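Here is a note for a colleague who is new to reading structures. Keep the sequence and the 3D view side by side as you go through the points.

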Amino acid sequence: MPYSIWVQGEYITEPPIRPTDDLKRPIGHYIDTGGYLGANVYAIDVETLCEYIGISDHDKCMVCKNDILLCEMNQKISYFIIQDKEIIDIISDEILELEKLSTLDVKVIGNTIDFPDFEQGVRYFVDAKRKIPYLPTLDVLETPYPYFKLTCSKCGRAFLSCKYMARHKKCGGYLAMDFATRVHKKWE
Ligand SMILES: [Zn+2]
């Protein structure tokens, strides 16, 4: 069974032949991650193509289209989503210039392809004037963070997860997110 992974490299549509067996690949959508010519070429789903926007985050990670960013400044958190031509602050609902973003201390925490309901999930807490979840990552598996503790705002059930979820599948209630062992913000 093929399974999906994220690859980072140059977007190409006419790939070079595969050096191991001289396979000629059809015209399509590919990412070449570099190295020996034609050896590291991956066919991609073009719907998931996320272009680098020319800015790196706090950890020198490249910021790309569809990324979700956390910004912690002046004892306040913000979440930004990189859209086609705009950067949206989903808590204040403001639009940010790319130049402004490059001056802020931001961290890529995930993207809207892996977490399509993140924006909706945060907006629930904004609209309901409840505490906005503090999320320095949306997937804890390859990080030192503890598991998430999710508490349903509708039925009150609590459970653990390694990935962000906006809603409780059983009842549709929005999930308040915290960590199973509390992770403190920089200023706490
Ligand atoms: Zn529930």
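1. **Overall make-up.** The chain has 2 helices and 13 strands. Both kinds of element are DSSP runs, numbered from the N terminus: helices are H or I with at least four residues, strands are E with at least two. This is a predicted model, in which local features need pLDDT of at least 70 and side-chain atom pairs count only at pLDDT 80 or more, while totals for chains, interfaces and linings use all residues. Residues are numbered from 1 along each chain as its sequence is written.

2. **Extent and burial.** The C-alpha atoms fill a box of roughly 60 × 40 × 25 Å, taken along the principal axes. How many of the 188 residues count as buried? The share is 15%. Buried means that 20 or more other C-beta atoms lie within 10 Å of the residue's own; exposed means 12 or fewer; partly exposed is in between, and C-beta atoms are placed from the backbone.

3. **Contacts along the chain.** Take the contacts with a separation of 6 or more. Of these, 42% join residues 24 or more positions apart. Two residues are in contact if their C-beta atoms, placed from the backbone, lie within 7 Å.

4. **Two domains.** Domain 1 covers 1–49 and domain 2 covers 52–179, according to the domain assignment. Such bounds come from an automatic or database assignment. The centres of domain 1 and domain 2, taken over C-alpha atoms, are 30 Å apart.

5. **The sheet of three strands.** An open sheet has the order β1-β2-β3, with antiparallel pairing. β1 and β3 (41–43) are at its edges with a single partner strand each, so one side of each has no neighbour in the sheet. On average, neighbouring strands here are turned by 30° against each other, direction ignored. Axes are lines fitted to C-alpha atoms, for helices over the stretch in contact, and angles run from 0 to 180 degrees between N-to-C directions. Two strands pair if DSSP finds at least two bridges between them. Antiparallel β1 and β2 are joined by 3 bridges. Within this pair, E10 stands opposite D32 in β2.

6. **Loops around that sheet.** D22 sits in the loop between β1 (10–12) and β2 (30–32). Although D22 is not a glycine, it has a positive phi of about 55°. Is D22 buried or exposed? D22 counts as exposed, because it has 8 C-beta neighbours inside 10 Å. D45 belongs to the loop between β3 and β4 (52–56). With 9 C-beta neighbours inside 10 Å, D45 counts as exposed. D45 and Y30 are 15 residues apart along the chain, and their C-alpha atoms are separated by 8.4 Å.

7. **The sheet of five strands.** Which order do the strands take? This open sheet runs β9-β8-β7-β6-β10, again with antiparallel pairing. β9 (94–96) and β10 (106–111) stand at the edges; each has a single partner strand, so one side of each is left without a neighbour in the sheet. The twist averages 30° from one strand to the next. β7 (residues 76–82) and β8 (residues 87–89) run antiparallel, joined by 3 bridges. I81 stands opposite I88 in β8.

8. Q75 lies between β6 and β7. Q75 is not a glycine, yet its phi is positive, about 60°. Q75 counts as exposed because it has 9 C-beta neighbours inside 10 Å.

9. **Helix α2.** F118, G121 and V122 are the buried residues of α2 (residues 118–127). Seen down the axis of α2, they fall within an arc of 90°, so they line one face of the helix. The arc is that of the directions from the helix axis to the C-beta atoms. The buried residues pack against β6 (67–73), β7 and β10. The face turned away from the buried side carries the exposed residues Q120 and D127. Just after α2, K129 takes a positive phi of about 55°.

10. β11 (residues 148–152) and β12 (residues 158–161) run antiparallel and are joined by 4 bridges. F148 has S161 in β12 as its bridge partner. The hairpin of β11 and β12 has 5 residues between the strands, and G156 in the turn has a positive phi of about 85°.
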